[in-house]
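I open this notebook to record what I looked up in one structure. The entries follow by topic.

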Amino acid sequence: MPATNMHTTMQHTSPVLAEADRLMVVCNSCRYCEGLCAVFPAMEMRRIFTDGDLNYLANLCHGCGACYFDCQFSPPHEFEVNVPRALAKVRIESYRSYAWPRLLSGLFARNGLAVGIIAALGAILFVGGFFAYYDPGVLRKIYSGPGAFYVFMPHAIMVVIFGAAFLYAAISIGIGAIMFWRDIGEPVAALAEPRPLWQATKDATQLKYLDGGAGGCASTDDQPADRRKIFHHMTFYGFALCFASTVTATAYHYLLGREAPYAWYDLPVILGTLGGLGLVIGPIGLFTAKSNRDPVLLDPGSYGMDIAFIFVLFATGVTGLALLFFRQTPFMGTLLALHLGVVFALFLTLPYSKFVHGIYRFLALARYAKESKLHQDTSGT
């Protein structure tokens, strides 16, 4: 039967969702790929697919590409089954659907350009502001010891500016996550259930479903390569270590009364250095891996978003390390302004960047852990 004649039982809000529904009908009839990842067992628990179901499956997908190369109905077959690309398109749509405030959801449409402009403006704003406010001679002086950073921007002002930006990002992402969670059929109260959250944490931190059914993530052809998984880990844990460094530095400041910058052997510096290295090496590796991936697996419309987010993370790592290594030189003021500008842009763009895929994927993994356990209990398997 030609794929175009496949009967879809649900009405969907976009052609992208309708195409994903068509493919899930085909896959549900075949089930050859059910051992590759969590998407196909989750699919098999359904006979019809709502928009929420498809958004759930799309964010559960890690885009490893294994199902495309294993599928007997992939192009040039007339069914044209390409699950990785179809679900990638659904994911991008879901980011726009759950963005808050909704007025800014259009940032996802041309995300690469928007994030690039915001990052550049953030850096220019802070660097230009420093040079406009201070005499150039002040910026060229060498400052060292506790409180050296706050010569250029008082700690209280830093807290207000970056605290507000981070709070906005957290609220915006949180509202989007709740909308996603409800749309995939879960009540907000279910977020307090510890077992699914713990299982999702283990699966997410291990990138369990990026292994293509233990074969590895496909790159330029059907030969698996695990490099993308390694660079994902470096980027994720680099970001986490940088966040831990900030939290630790906050504790040093308010609980111990110690002001930055800290010595190289202090915990905030150790965590920040390791995190910065992760944010440099990881994004470079992800960019290389994306450039080498088979284009048939990718959604061309998401390329700008992916590269923009990789670039901002890379810029955060590079400017942070540069500030660390040159903080006792005449370049400290300029590098501090540049780093603060990049971090400010990162915070502002987090809710409208590829960052949200990690949040929605974690929630999808929690939903899968919950429903798969329920399915096992009810089926007796």
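Which residues lie nearest the centre of the largest pocket? I found Cys242, Ser245, Thr246, Ala249 and His339 there, among 47 lining residues. I note that this is a predicted model, in which local features need pLDDT of at least 70, side-chain atom pairs count only at pLDDT 80 or more, and totals for chains, interfaces and linings use all residues. Residues are numbered from 1 along each chain as its sequence is written, and side-chain values use heavy atoms, with hydrogens and water left out.

Entry: pocket. I took a pocket as an open set of points on a 1 Å grid over the protein atoms alone, where a 1.4 Å probe fits, with protein on both sides within 12 Å along at least five of seven lines; a lining residue has an atom within 4 Å of a point. The largest pocket holds about 1,500 Å³ of space. Two or more lining residues come from each of helices H8 (155–183), H10 (227–255), H11, H12 (303–325) and H13 (332–349). H10 gives the largest share, 12 residues. Helices here are DSSP runs (H or I, at least four residues), numbered from the N terminus.

Entry: salt bridges. I counted 11 salt bridges, each a side-chain nitrogen of Lys or Arg within 4 Å of a carboxyl oxygen of Asp or Glu. Glu371 and Arg46 meet in one of them, at 2.9 Å from N to O. This pair spans 325 residues, from Glu371 in helix H14 (residues 356–379) to Arg46 in the loop between H2 and helix H3 (51–60). Glu371 is buried at 11% relative accessible area, and Arg46 is buried at 9%; buried means under 20%, exposed over 50%, and partly exposed in between (1.4 Å probe, protein chains only).

I next looked up Glu186 and Lys370, whose closest N and O atoms are 2.7 Å apart in a salt bridge. Glu186 sits in the loop between H8 and helix H9 (194–206), and Lys370 in H14, 184 residues apart. Is Glu186 buried or exposed? Glu186 counts as buried because its relative accessibility is 8%, whereas Lys370 is partly exposed at 25%. Shared partners join Arg46, Asp53, Glu186, Glu193, Arg367, Lys370 and Glu371 into one network of salt bridges.

Entry: cysteines. I found zero disulfides, a disulfide being a pair of cysteine sulfur atoms within 2.5 Å. For Cys30, the nearest cysteine sulfur is that of Cys71, 6.4 Å away. Cys30 is partly exposed, with 32% relative accessible area.

Terms used: Grid points are joined across faces, edges and corners, and a volume is the space filled by probe spheres set on the points.
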